[in-house]
Amino acid sequence: MKKLLLIIAIAICSFGTQAQTKTAAVPDVILKTNGEELKGKITKINDDGVSFVYTGETLEYAIKKSDILKITHSSGRVELFSQTLPAQDRQKDAVSMTATPADHHNKIAVLPFTFLMDNQPGAEQVGLKAQEDAIGMLSKHSDGYTILDARTTNATLVQAGVTRDKMIGYTMKNLCDILGVEYIIDGSVIQAKGYQTSTSGANGNTKVKRDDGDKIKDVSSSSTVYSNAVQRYDVSVSLHIYMDNNASIYNESHKAFLSNTDGSYSGPLEYLLKRCPLYRK
């Protein structure tokens, strides 16, 4: 009987040790508002920040709560930070909510982009196309989020009287309430005329007519002169992401590495989306 009890006790201790080892192998994960992901061990959480040690290291770091979007603890528990800002840090708006916070949760709307050509308002169609492209790129990497399609977003804004010229009179919380989303992406595409490249040249053609005695009877010639000029553009994209409490969680700009001839913005747009906190690999 004593041997049986001893075997059971050893088995329980062994199981507990294995469970602790397995749990210890799972790190705490901190997702910052700039999209950076930190893995390691959280040693302390206080009112101002979090004390953190990277996996395999001993040096302890202090991270501000305002820089943290989410913590996934080793136990699997998820703790959100940017959604629980102190009341005094939230802007107070006079408008009433048209949707409950639960209805907002994990929903994203992308506004039509602002398009500027040489610092002047450009074609509205370019801003609408950039909106569609941003939705298309993010939709492929938005696991856990619901993204409103462009037509629903734009129609809802128009029906609420929120036109582009009046949008400056609305806070991002107002727009989140109207659209029923938790996040809003506001972007701009800026094009500027860069340098011109040009080519020129000439083509010549000479015809010689000979008689049977191999003597030249007639000589004719023609030539063509041509030139070609190509305009190149410098392109940059800006992205600003807000939450439904007016908190700004991402604000970055990126310029295309090389100027191009068609004003393409897809490179800078993709670069920014991949680094925003809503992007999932």
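At what angle do the axes of helix H4 and helix H5 cross?

Modeller: This is a predicted model, in which local features need pLDDT of at least 70 and side-chain atom pairs count only at pLDDT 80 or more, while totals for chains, interfaces and linings use all residues. Residues are numbered from 1 along each chain as its sequence is written, and side-chain values use heavy atoms, with hydrogens and water left out.

The axes of H4 (residues 150-159) and H5 (residues 172-179) cross at roughly 110° and come within 10 Å; helices here are DSSP runs of H or I with at least four residues, strands are E runs of at least two, and axes are lines fitted to C-alpha atoms, for helices over the stretch in contact, with angles from 0 to 180 degrees between N-to-C directions. The two helices are therefore roughly perpendicular, a term covering 65 to 115 degrees. Thr153, Thr156 and Leu157 of H4 meet Leu175, Ile178 and Leu179 of H5, where contact means heavy atoms within 4.5 Å.

Within H4, Ala150, Thr153 and Leu157 are buried, that is, under 20% relative accessible area, whereas exposed means over 50% (1.4 Å probe, protein chains only). Seen down the axis of H4, these buried residues fall within an arc of 70°, so they line one face of the helix; the arc is that of the directions from the helix axis to the C-beta atoms. They pack against strand E7 (107-110), helix H3 (124-139) and H5, while Arg151, Val158 and Gln159 are exposed on the other side of H4.

Just after H4, glycine 161 takes a positive phi of about 80°.

Terms used:
Parallel < 35°, antiparallel > 145°, perpendicular 65-115°, else oblique.
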